[in-house]
Structures are given as structure tokens and as C-alpha cells.
Amino acid sequence: MERLARLGVLALLMSLVAACGAPVRTEFTPFHDLPDSLAGKTFFIEPAEASLAWATHANQLAAGFEAKGLRRVTMQAAADYGVIFTYEGERPRTWSRDGADVSFDFRMTVVLIDLRRSKARNETVRSYEATVYSTGRRSDINEVVPYMIRATFADWPGANGRSQRRLFNVY
């Protein structure tokens with residue numbers, strides 16, 4: 001009877017481990033010359049794609065900026081900052097002898113253009129740029145991008161030029 005109970009516990013533990021998804025690992029490096037407070041400043045996200053997936057992720061990014069005190073506007077002329085947001089995946093890499101283990105690389109870039117200073121100088125003035133990398137076993141970029149956005153805002157704007165690593169356990 002005791003042996004049967006142990007086997008039951010072992011089976012339960014194995015099923016819990018199998019149910020766990022692959023974690024999302026990110027590495028994030030920001031560079032910026034932002035003022036101490038951006039409360040009340042406005043931003044406009046420059047459309048990079050016409051896809052619904054991109055629009056969904058752009059809305060998630062906008063929510064991150066809004067949580068930090070910025071306000072989204074629908075016209076670039078009314079914005080203090082223009083946001084350029086892109087993401088992409090690279091070809092999967094196999095890293096085991098039998099080819100069973102594959103990793104997927106994704107990159108996301110976020111740039112804030114200071115529109116007022118750019119207009120005054122007649123050149124593009126970047127106030128913030130960050131690149132987020134993720135490497136892992138998750139193959140669907142649309143599952144990974146929300147975690148890359150979370151990594152961006154975890155310690156926003158972040159220490160200038162200093163990389164940060166984040167691990168998100170996804171189930």
C-alpha cells in the first residue's frame with residue numbers, strides 16, 4: 001500500500017513537471033538621456049506594420065509607457081515623443097547531438113524620438129533606445145514578445161548602458 005502511494009506521488013510530481021512550460025529568458029540593455037520625470041509627457045507609436053499581431057503588441061507597449069506616467073496620443077503632431085517599436089525572430093538553432101534540442105532567438109527594439117528637440121535641431125534626436133533579446137525553446141514570437149515588453153518596463157528606464165537579465169516562468 002505504501003509503495004502504491006509513493007508511485008502515486010511520483011506520478012503526480014512527474015505530471016506537474018511535464019505541465020510546466022519553457023521559461024522565457026530576456027536580456028535587456030537600455031541607453032537614454034531621459035529627464036527624471038516623464039509624467040504628463042505624450043507619446044505616439046509609429047506604425048511599423050499593418051498586422052493585428054503588431055498592433056496588439058504595440059498596445060501592450062503603450063500600456064507600459066502609460067503605467068510610467070506618459071500619455072498616448074493618436075496624432076504625432078500632438079506628441080512629445082515618437083516611439084519606434086520592432087521585433088523579429090531569427091532562424092532556430094539546434095544545439096544537441098541528436099538535434100532534439102532547438103533554441104529560438106528573438107529581438108525587440110524600442111526607440112523614443114524626442115520630437116520637440118528633433119524639430120528644433122532639424123535632425124532626429126533619440127532620447128531612449130533599448131534592445132531586448134530572448135533565447136529559449138519557445139518558438140512562437142507572439143508568446144515571447146509580451147515578456148520582452150515586461151522586461152523593458154521592469155526597471156524602466158533602467159541603468160544607462162547596463163544589461164539586465166530577467167527570467168519569466170511561463171506555464
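Colleague: Glutamine 164 first: does it count as buried or exposed?
Modeller: Buried, because its relative accessibility is 11%. The cut-offs are under 20% relative accessible area for buried, over 50% for exposed and partly exposed in between, with a 1.4 Å probe and protein chains only. Keep in mind that this is a predicted model, where local features need pLDDT of at least 70, side-chain atom pairs count only at pLDDT 80 or more, and totals for chains, interfaces and linings use all residues. Residues are numbered from 1 along each chain as its sequence is written, and side-chain values use heavy atoms, with hydrogens and water left out.

Colleague: Which strand is glutamine 164 in?
Modeller: Strand S8, residues 164-168. Strands (E, at least two residues) and helices (H or I, at least four) are DSSP runs, numbered from the N terminus.

Colleague: And what does glutamine 164 touch?
Modeller: Leaving out residues up to four places away in sequence, glutamine 164 touches Thr26, Glu27, Phe28, Asp155, Gly158 and Ala159. Contact means heavy atoms within 4.5 Å.

Colleague: Which side chain makes a polar contact with glutamine 164?
Modeller: That of arginine 166, at 3.0 Å. A polar contact is a pair of N or O atoms within 3.5 Å; within protein, one must be able to donate a hydrogen and the other to accept it, and residues adjacent in sequence count only if both atoms are side-chain atoms.

Colleague: Switching to helices. At what angle do H2 and H4 pack?
Modeller: About 20 degrees, with the axes of H2 (residues 52-67) and H4 (residues 141-153) 10 Å apart. That makes H2 roughly parallel to H4. Angles under 35 degrees count as roughly parallel, over 145 as roughly antiparallel, 65 to 115 as roughly perpendicular and the rest as oblique. Axes are lines fitted to C-alpha atoms, for helices over the stretch in contact, and angles run from 0 to 180 degrees between N-to-C directions.

Colleague: Which residues meet there?
Modeller: From H2, Ala53, His57, Gln60, Leu61, Gly64 and Phe65; from H4, Asn142, Val145, Pro146, Ile149 and Phe153.

Colleague: What about isoleucine 141, buried or exposed?
Modeller: Buried, because its relative accessibility is 18%. Isoleucine 141 lies in H4. Beyond four places in sequence, isoleucine 141 contacts Tyr87, Glu88, Gly89 and Phe106.

Colleague: Zooming out, how many helices and strands does the chain have?
Modeller: The protein chain has 4 helices and 8 strands. Of its 171 residues, 36% count as buried.
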